[in-house]
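Here is a short report on one protein model.

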Amino acid sequence: MAVGNGEAEKYVIGLDYGTLSGRAVLVSVSDGAVMAESVMVYPHGILHTIPGSEEELPADFALQEIDDYVEVMYHTIREVVTKAGCEAESVIGIGIDATSSTFLPISSNGEPLCKTERFRKNPHAYLKLWKHHGAQEEADQINVLAAERKEKFLSRCGGLVNAEWMLPKLMETAGKAPEVYEATDNFMEVSDYLVYLLTGEATRCMCHAGYKLLWNEEDGYPSAEFLRELYPSLFSCGRR
């Protein structure tokens with residue numbers, strides 16, 4: 001395809017990950033026209049048991065397979081490019097969004113811990129979906145201490161830290177599966193992990209970091225003093 005000035009048309013792809021499915025759209029850069037769409041349901045949905053185990057997960061758990069997200073990425077991108085009939089080289093950008101805070105513990109070599117033999121049957125090594133509410137007790141603990149210390153980050157997140165966010169889930173992992181926590185090099189939002197797969201560079205989306213991770217451009221993350229008082233191992237291990 002070509003545009004009016006004789007140059008080849010350029011396209012961008014948007015990937016949107018929901019709770020049970022993901023979708024892609026391919027759009028023309030010149031006029032914003034949607035050229036193709038693709039939707040794929042996650043093959044495993046929300047896990048009720050860990051693969052290889054028959055034990056039911058607690059009712060407040062919401063875990064998923066990271067492979068489902070990766071499969072959606074490759075399937076839908078390939079399908080929209082094929083449907084649109086464009087050359088892959090004509091796609092100049094890919095944007096990714098996903099439900100947050102949906103996070104995954106990653107090893108130092110970039111591998112999700114749930115894919116390793118050691119942690120394959122440990123629920124805390126899996127992708128914890130946004131609606132995983134197993135960390136409510138930890139969220140309550142954060143809110144009490146932050147209010148006592150008058151931490152500024154509370155004013156930036158509506159006055160309460162939600163159990164769905166990163167810090168409560170980190171505490172849940174550290175307290176209930178310390179072996180997973182010790183083996184983790186980086187806790188990543190799933191959208192950041194997918195960007196890492198595409199680019200080879202581990203970065204954090206400012207949108208996620210600025211709300212669900214309690215980050216602020218002026219102050220950074222919650223202070224070391226707060227983390228030490230809250231849960232010493234969170235700070236001492238130097239997690240990213």
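A residue counts as buried when its relative accessible area is under 20%. The model is predicted. By that cut-off, the buried residues of helix 2 are Glu138, Ala139, Ile142, Asn143, Leu145 and Ala146. An α-helix has 3.6 residues a turn, so residues three or four places apart point the same way.

What do the buried residues of helix 2 pack against? Their partners are helix 3 (166-176) and helix 7 (224-230).

Helix 2 itself covers residues 136-149, which is 14 residues. From first C-alpha to last, helix 2 reaches 20 Å. That is close to the 20 Å expected at 1.5 Å a residue. Lys150 follows helix 2, and the phi of Lys150 is positive, near 55°.

Now the whole chain. The protein holds eight helices and eight strands. Its C-alpha trace spans about 65 × 45 × 30 Å along the principal axes.

| Quantity | Value |
|---|---|
| Buried residues | 48% of the 240 residues |

How many positive and negative side chains does the protein have? There are 21 positive and 37 negative ones. The centres of the two sets lie 4 Å apart.

Key. Residues numbered from 1 in each chain as written. Predicted model: local features only at pLDDT ≥ 70, side-chain atom pairs only at ≥ 80, totals over all residues. Heavy atoms only, no water. Helix = DSSP H or I, 4+ residues; strand = E, 2+ residues; numbered from the N terminus. Buried < 20%, exposed > 50% of the residue type's maximum accessible area, 1.4 Å probe, protein only. Lys, Arg positive; Asp, Glu negative; His and termini not counted. Charge placed at Lys NZ, Arg CZ, Asp CG, Glu CD. Expected span 1.5 Å × (residues − 1). Contact = heavy atoms within 4.5 Å.
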